[in-house]
Amino acid sequence: MFRVTEEVRFCYGHRLLDYEGRCARIHGHNARVEIELSAPVLDRKGFVADFFDIEKAGKDWILAQFDHRLILREDDPVIPYLKQAGEAFVTLPVNPSAENFAKLIFDHLRAHGLPVTAVHFYETETAVATYDER
């Protein structure tokens, strides 16, 4: 099996609803994402996937959607106040946890036809969530 990995780094803020602990408060992270793609054979160019395509569908999309953004669950009670203050934010239908970020990125890449097999989402240098097809 051939494997390639693309890494993306970005900064974001979030908080978790229905959670008791420090992460229930708005806070930020410096995230690192590892996008792993695999194929049993290489294409005619000798690639699992073109790194340009991975960057366009992965890195560019992640940065445009999430970099230096506050990401909240769509029913977060702070949203009306942010709207009133003219603050920008992104909403998700699920809690913006590392696990949900990993799946969201995986699904996006798969929808763009890339042979992604795993997404590793490092919320911190030591805390990582992985979504894969197993």
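Guide: Strand β1 (residues 2-14) and strand β2 pair in the antiparallel sense over 13 bridges, where strands are DSSP runs of E with at least two residues, helices are runs of H or I with at least four, both numbered from the N terminus, and two strands pair if DSSP finds at least two bridges between them. This is a predicted model, in which local features need pLDDT of at least 70 and side-chain atom pairs count only at pLDDT 80 or more, while totals for chains, interfaces and linings use all residues. Residues are numbered from 1 along each chain as its sequence is written, and side-chain values use heavy atoms, with hydrogens and water left out.

Visitor: Which residue stands opposite valine 4 in β2?
Guide: That is leucine 37, and the bridge partner of cysteine 11 in β2 is asparagine 30.

Visitor: And what order do the strands of the sheet have?
Guide: The sheet is open, with 6 strands in the order β4-β3-β1-β2-β5-β6 and mixed pairing. β4 and β6 (128-132) stand at the edges with a single partner strand each, so one side of each has no neighbour in the sheet.

Visitor: What does α1 touch on the sheet?
Guide: α1 packs on the sheet and touches β1, β2, β3 (69-73) and β4, and its direction makes about 10° with that of β1; contact means heavy atoms within 4.5 Å, and axes are lines fitted to C-alpha atoms, for helices over the stretch in contact, with angles from 0 to 180 degrees between N-to-C directions.

Visitor: Back to β2: how many of its residues are buried?
Guide: In β2 (residues 27-39), 10 of the 13 residues are buried, buried being under 20% relative accessible area, exposed over 50% and partly exposed in between, with a 1.4 Å probe and protein chains only.

Visitor: Which residues touch the most other members of the largest nonpolar core?
Guide: They are Val33, Ile62, Phe66 and Phe121, in a core of 30 residues; such a core is a set of buried Ala, Val, Leu, Ile, Met, Phe, Trp, Tyr and Cys residues joined through side-chain atoms within 4.5 Å. α3 (98-111) is one of the elements that supply at least two residues each, and α3 gives the most, with 6 residues.

Visitor: Changing topic, how many disulfides are there?
Guide: The count comes to 0 disulfides, taking a disulfide as a pair of cysteine sulfur atoms within 2.5 Å. For cysteine 11, the nearest cysteine sulfur is that of cysteine 23, 17 Å away.
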